[in-house]
Amino acid sequence: MAAADEKIKIALYWGAGCGGCDVAVLDIDAAILDLAAIADVTLWPIGFDTKYEDIEKMPDKSIMISFYNGAIRNEENEHIARLLRQKSQVMISFGSCACFGGTPGLGNVTNKKEILDLVYKGLPSNDNPEGIIPLPKVKVPEGELTLPDLYDDVMTLEDVVDVDLFMPGCPPTVELISVAINAVANHVKNGTPLPPKGAVIASDKTLCDECPKERVEKGRNIEKIYQSYEIMPDQNKCLIDQGIICMGPATRAGCGAMCPNANMPCRGCMGPTKAVLDQGGSMLSALASVFNIRDDESQIDEIEIEKLLDQIKDPLGTFYAFTLPKSLLRRTFTEKKKAKE
Ligand code: SF4
Ligand code: SF4
Ligand code: SF4
């Protein structure tokens, strides 16, 4: 707890992400003034140009809280994660990319070389006749230019540093961010303890628990999977009961069922609940339990599972859109190569 007239220091950083998590912080509107009243921002690359050397010179643990969004994709992401961990009392994994790898985590279906080859040599929109690919170090007459080296593997923040609190979402909702800011403000002003280490700032229930759509309770059975653009689903009925894959059963609540309320399926951005080890596997099993099951059957056979999977156009992107690096699969590229050897 800081002295009454002393502001705490906080830091916000973006690793491999889209910038949406930083915009979400700006979306809290007037609540940002509550934050400004208690905190000085020492690092926020989207907002101002702090030099990393300035952070390196700060005493260890002199930043009270760091909010790290984005996955760990390159050397710079990892360096700043380690630096902020060293300088901060509390490290918050902010957003799905930091918590589970997020959409950048789908890069784990390939590797650095394939990505660079495609982006710099393989896209018809590129004008790069010599096929030049950026290198981590290049000598020029003026000296050496450096770029952070890209990793083969996309990692979560927790894969490289100890994390105190997790706030999932792509991006986290304004409500969840406000919960976190209030917790920090109460801690600073009144000494109220912060949530315990490892806590997830969201609900422990599944998204289906907060979704208002009506579910078939007994004898659920779907025979065909539809893409969400193929049918106009009934607004009041569960999307799975209408044949649209909605990740609700395998996803943590906390967003207010934003997508199902807009009649769109949940893609799973809040990640799994703590009862679930692997969000994609859990969803597949939930789906298998309602696919082509007759009343006298208790489980689906292998042929039916294959029929189910055949109808899903992009199983990995459907079941692991946000969580591949945190899943039991973790990555698929190595296995693919080994299979060819
Ligand atoms: S969690 Fe979503 S909004 Fe945040 S950086 Fe990742 S992709 Fe962007
Ligand atoms: S599966 Fe989706 S639509 Fe159905 S109840 Fe759960 S969150 Fe709602
Ligand atoms: S409904 Fe699903 S995908 Fe949509 S915001 Fe909520 S958790 Fe994320």
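Ligand 3 has a shell made of Leu207, Thr251, Cys255, Ala257, Met258, Cys259, Cys266, Arg267, Gly268, Cys269 and Met270. A residue counts as near a molecule if its C-beta atom, placed from the backbone, lies within 6 Å of it.

This is a predicted model: local features need pLDDT of at least 70, side-chain atom pairs count only at pLDDT 80 or more, and totals for chains, interfaces and linings use all residues. Residues are numbered from 1 along each chain as its sequence is written, while chains are lettered from A and ligands numbered from 1 in the order in which they are written.

Ligand 1 has 13 residues around it. Gly17, Gly20, Gly95, Cys97 and Cys170 come nearest. Helices α1 (20–26) and α5 (96–100) each give at least two residues to this shell. Helices (H or I, at least four residues) and strands (E, at least two) are DSSP runs, numbered from the N terminus.

The table sorts residues by class. Ala, Val, Leu, Ile, Met, Phe, Trp, Tyr, Cys and Pro are nonpolar; Asp, Glu, Lys and Arg are charged; the others, Gly among them, are polar.

| Shell | Nonpolar | Polar | Charged |
|---|---|---|---|
| Ligand 3 | eight residues | two residues | one residue |

Now the domains. The chain splits into domain 1 (8–104 + 154–190), domain 2 (110–151) and domain 3 (203–341). These bounds come from an automatic or database domain assignment. The C-alpha centres of domain 1 and domain 2 are 29 Å apart. Four residues of domain 1 are in contact (C-beta atoms, placed from the backbone, within 7 Å) with four residues of domain 2. On the domain 1 side, β4 (72–74) and α4 (75–87) each supply at least two residues. That side has three charged residues, one polar and no nonpolar.

Technical notes. Contact = placed C-beta atoms within 7 Å.
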